[in-house]
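Dear colleague,

Please find below the structure I promised to hand over, with its sequence.

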Amino acid sequence: MAMKDYSDEFKADAVALYESTPGATYKDIAADLGINRATLRE
C-alpha cells in the first residue's frame, strides 16, 4: 500500500485535536480521522 501525503493543515489539525481532547489516545483520534495510529504518532 502506498503512503498517503497529508496536507500541513490536516497534520496540524490532527495534532491539535489530540492535544485538546482530554484522555485521548492515538488510537481514538486516528480512528476518528480514518488514519492509521502509527501515522498519527509520527
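Leaving out the neighbours within four places in sequence, Leu17 is in contact with Ile29 and Leu33, where contact means heavy atoms within 4.5 Å. Please bear in mind that this is a predicted model, in which local features need pLDDT of at least 70 and side-chain atom pairs count only at pLDDT 80 or more, whereas totals for chains, interfaces and linings use all residues. Residues are numbered from 1 along each chain as its sequence is written, and side-chain values use heavy atoms, with hydrogens and water left out.

Leu17 itself lies in helix H1, helices being DSSP runs of H or I with at least four residues, and strands runs of E with at least two, numbered from the N terminus. Leu17 is partly exposed, with a relative accessible area of 32%; buried means under 20%, exposed over 50%, and partly exposed in between, with a 1.4 Å probe and protein chains only. The C-alpha atoms of Leu17 and Lys27, which are 10 residues apart along the chain, are separated by 13 Å.

The axes of helix H1 (residues 8-20) and helix H2 (residues 26-33) come within 10 Å and cross at roughly 135°, the axes being lines fitted to C-alpha atoms over the stretch in contact, with angles from 0 to 180 degrees between N-to-C directions. The contact is made by Phe10, Ala14, Leu17 and Tyr18 of H1 together with Tyr26, Ile29 and Leu33 of H2.

As for the chain as a whole, its secondary structure comes to three helices and zero strands, in the pattern α-α-α when read along the sequence. The C-alpha trace spans about 30 × 20 × 15 Å along its principal axes, and buried residues make up 14% of the 42 residues.
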